[in-house]
Amino acid sequence: MRIYWVFCAFMIPTALCFIPFSAGTFRQVTGEKSGITWKHANARSEFRYLPETIAPGVAIFDYNNDGWMDLLFVNAGESTFFHPATALSPALYRNNHDGTFTDVTAQAGLKTNLFAMGIAVADYGR
C-alpha cells in the first residue's frame, strides 16, 4: 500500500504537521442511491457580509455509537442579515452500514433555525 503525506498548516504559522493517509477512490453517488438529499442554502444578502462567504460545515462522527460514521450538515438560517423564506435546519444522517444514509434530523430534535458556518464534535465520557 502506498502512503501519501499531506502537508498542513494550522492557525499558528509556525505549527506544521505531516499526516499520512492511504490513497482512496472517490465516486459521485446520487441522492437517490445514498439517501443524502441535503442542500446548502446560501445566505446571500445585498451587503455580502463576511459570514456569507464561508462554506457550510459537516461533521463526520458516530452519533449513535454503532461503530459507523454518521453525517451532520449545518446550514444557513435566521440571522440579523438573513431571513430565509422557510425555516432552515441542520441535517443528521445515520449510516445504514451499506453505503446509504437515513435522515434522522427530526428524531434527534435538531429543528433549529440558526445561522451556522461550521461544526465541531467531541466525545464526552464520565
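Reader: Where is Met-69 found, and what makes Met-69 partly exposed?

Author: Met-69 is found in the loop between E3 and E4, where helices (H or I, at least four residues) and strands (E, at least two) are DSSP runs numbered from the N terminus. Its relative accessibility is 41%; buried means under 20%, exposed over 50% and partly exposed in between, with a 1.4 Å probe and protein chains only. Since 41% falls between those limits, Met-69 counts as partly exposed.

Author: Two ground rules, before we go on. This is a predicted model, in which local features need pLDDT of at least 70 and side-chain atom pairs count only at pLDDT 80 or more, while totals for chains, interfaces and linings use all residues. Residues are numbered from 1 along each chain as its sequence is written, and side-chain values use heavy atoms, leaving out hydrogens and water.

Reader: Which residues make the nonpolar surface patch, and what makes a patch?

Author: Val-58, Ile-60 and Met-69 make it, with an area of about 270 Å². Patch members need over 30% relative accessible area and no salt bridge, and nonpolar side chains are joined within 5 Å. Met-69, at 41%, is over that 30% limit.

Reader: How many aromatic pairs does the structure hold, and why is the pair of Trp-38 and Phe-73 called stacked?

Author: The structure holds 2 aromatic pairs. Rings of Phe, Tyr and Trp (its six-membered ring) pair if their centres lie within 6.5 Å, and planes under 30 degrees apart count as stacked, over 60 as edge-to-face and the rest as tilted. The centres of Trp-38 and Phe-73 are 4.7 Å apart and their planes lie at 15 degrees, so this pair is stacked. It links distant parts of the chain: Trp-38 sits in the loop between helix H1 (31-34) and strand E3 (58-61), and Phe-73 in strand E4 (residues 70-73), 35 residues apart.

Reader: Are those two residues buried or partly exposed?

Author: One of each! Trp-38 has a relative accessible area of 21%, so it is partly exposed. Phe-73, at 14%, is buried.

Reader: Why is the pair of Phe-73 and Tyr-93 called edge-to-face?

Author: Their ring centres are 6.0 Å apart and their planes lie at 80 degrees, so the pair is edge-to-face. Phe-73 lies in strand E4 and Tyr-93 in strand E5 (residues 91-95), so the pair ties together parts that are 20 residues apart in sequence. Tyr-93 has a relative accessibility of 1%, so it counts as buried. Together, Trp-38, Phe-73 and Tyr-93 form one aromatic cluster.

Reader: How do you know that E4 pairs with E3 and with E5?

Author: Two strands pair if DSSP finds at least two bridges between them. E3 and E4 are joined by 4 bridges and run antiparallel, and 3 bridges join E4 to E5, also antiparallel. Phe-73 is the bridge partner of Val-58, and Phe-73 also stands opposite Ala-91 in E5.

Reader: What makes both faces of E4 covered?

Author: Asp-70 and Leu-72 are buried on one side, as are Leu-71 and Phe-73 on the other. Leu-71, for instance, has a relative accessibility of 13%, so it counts as buried. Leu-71 and Arg-94 are 23 residues apart in sequence and 6.8 Å apart in space, C-alpha to C-alpha.

Reader: What makes Ser-34 buried, and what does its side chain reach?

Author: Ser-34 is found in helix H1 and counts as buried because its relative accessibility is 8%. The side chain of Ser-34 reaches the backbone nitrogen of Ile-36 at 3.1 Å.

Reader: Why is His-83 called exposed?

Author: His-83, found in the loop between E4 and E5, has a relative accessibility of 53%, so it counts as exposed. His-83 and Phe-115 are 32 residues apart in sequence, yet 9.7 Å apart in space, C-alpha to C-alpha.

Reader: What is noted about phi at Asn-65 and His-97?

Author: Asn-65 has a positive phi of about 60 degrees although it is not a glycine; it is found in the loop between E3 and E4 and, at 68% relative accessibility, counts as exposed. His-97, also not a glycine, has a positive phi of about 70 degrees. His-97 lies in the loop between E5 and strand E6 (101-103) and, at 39%, counts as partly exposed.

How values were computed. Patch = residues over 30% accessible without salt bridge, like charges linked within 9 Å, V, L, I, M, F, W, Y side chains within 5 Å. Areas by Shrake-Rupley, 256 points an atom, 1.4 Å probe, with all protein chains shown as cover. Salt bridge = Lys/Arg side-chain N within 4 Å of Asp/Glu carboxyl O. Polar contact = N/O pair within 3.5 Å; in protein donor to acceptor, adjacent residues only side chain to side chain.
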